[in-house]
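Below is a short report on one protein model.

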Amino acid sequence: MQNKPTVILVVGHNPKAKGASNSETIPRVNEYDYNKEIAEMIGPDISEQTPNIDVQIISGDMSNTRKHNMINDIAKTKNVVLVVDMHLNAGSPTAEYHLIKYARNSVRGEIAAKKFSHGFSTASYFGTSAPGLSTIPAHWPGMKFAGCFPTDRRPPLNQRGEQYAKDQWKYNGSEVLFNTNPPAVITEPFFISNTRFMTKMLWQENKEIFSKIMADAIIAYCFEIECISW
Ligand SMILES: [Zn+2]
């Protein structure tokens, strides 16, 4: 299948600058290591359900420029239908919502963002058998500020409760999104800085649910854009 759809998972940040971290969780956690582990679970989750989607992971010691150049090179020979730049939000110690960013002019980016957003907002089965769950919300990050934000329009608030400067919102941390030729999204499913929430996301059961949500959203997206024929 030469035109087999390929989904590229980009692990945000790199081993030298791992992005946001939380030193209150045990073990201490950072964006790069956490998302790398989840990214490596998503491919098997997808292939359990369909052999028709290839998943490729981009991680390691490289700049955002090298990442988007690499993606554009891959897209010259493969049918890259989606790029997922995986991050975690940071700043608030209590926030429980997700953000999915996409470029406003990307129809497919918007479709993908809505699939992820749907998955993150409907995960009511989240972590039900692990200990200590009575203190945990029964749903994935709520919809208060959640959802999909086209990246040329400011969201009402950023994660620190400040208004985004227009150009910061557009470019700061969005290099991969803005410089890839294939459709792309940035996923920020929850806040690494929310210790209570992050603690439960370190449980293996919840990592598996998280990767499954990602896998299901990717499969749903591929169906919707009709890149898979069964
Ligand atoms: Zn990040």
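Strand 6 (residues 97-102) is largely enclosed by the rest of the structure, because 6 of its 6 residues are buried. This is a predicted model. Tyr97, Leu99 and Lys101 point one way from strand 6. His98, Ile100 and Tyr102 point the other way. Both sets are buried.

Strand 6 has a partner in strand 8 (residues 184-188). The two strands run antiparallel and are joined by 4 bridges. Across this pairing, Lys101 stands opposite Ile186 of strand 8.

Which residues does Val185 contact, leaving aside its neighbours within four places in sequence? They are Val84, Ile100, Lys101, Tyr102, Gly109, Ala112, Ala113 and Phe116. Val185 also belongs to the largest nonpolar core, which has 52 residues. Val7, Leu9, Val83, Val185 and Ile218 touch the most other members of that core. Its largest share, 8 residues, comes from helix 7 (residues 204-224). In soluble globular proteins, nonpolar side chains tend to be buried together.

Helix 7 also packs against helix 1 (residues 31-49), and their axes come within 8 Å. The axes cross at roughly 55 degrees. Angles of 65 to 115 degrees would count as roughly perpendicular, and those under 35 as roughly parallel. Helix 1 and helix 7 are therefore oblique to each other. Their crossing is right-handed. The residues that make the contact are listed here.

| Helix | Residues in the contact |
|---|---|
| Helix 1 | Glu37, Ile38, Met41, Ile42, Asp45, Ile46, Gln49 |
| Helix 7 | Lys207, Glu208, Phe210, Ser211, Lys212, Met214, Ala215, Ile218, Ile219 |

Is Glu110 buried or partly exposed? Glu110 lies in helix 3 (residues 107-121). It has 18 other C-beta atoms within 10 Å. A buried residue needs 20 or more, and an exposed one has 12 or fewer. Glu110 is therefore partly exposed. Glu110 and Ala184 are 74 residues apart in sequence. In space they are 8.8 Å apart, C-alpha to C-alpha.

The overall figures complete the picture. The protein has 7 helices and 8 strands. Of its 230 residues, 38% count as buried. Among contacts between residues at least 6 apart in sequence, 75% join residues at least 24 apart.

Notes
Residues numbered from 1 in each chain as written. Predicted model: local features only at pLDDT ≥ 70, side-chain atom pairs only at ≥ 80, totals over all residues. Contact = placed C-beta atoms within 7 Å. Core = buried A, V, L, I, M, F, W, Y, C linked by C-beta atoms within 7 Å. Pairing = 2+ DSSP bridges. Axes fitted to C-alpha atoms, helices over the stretch in contact; angles between N-to-C directions. Parallel < 35°, antiparallel > 145°, perpendicular 65-115°, else oblique. Left-handed = near helix turned anticlockwise from the far one by under 90°.
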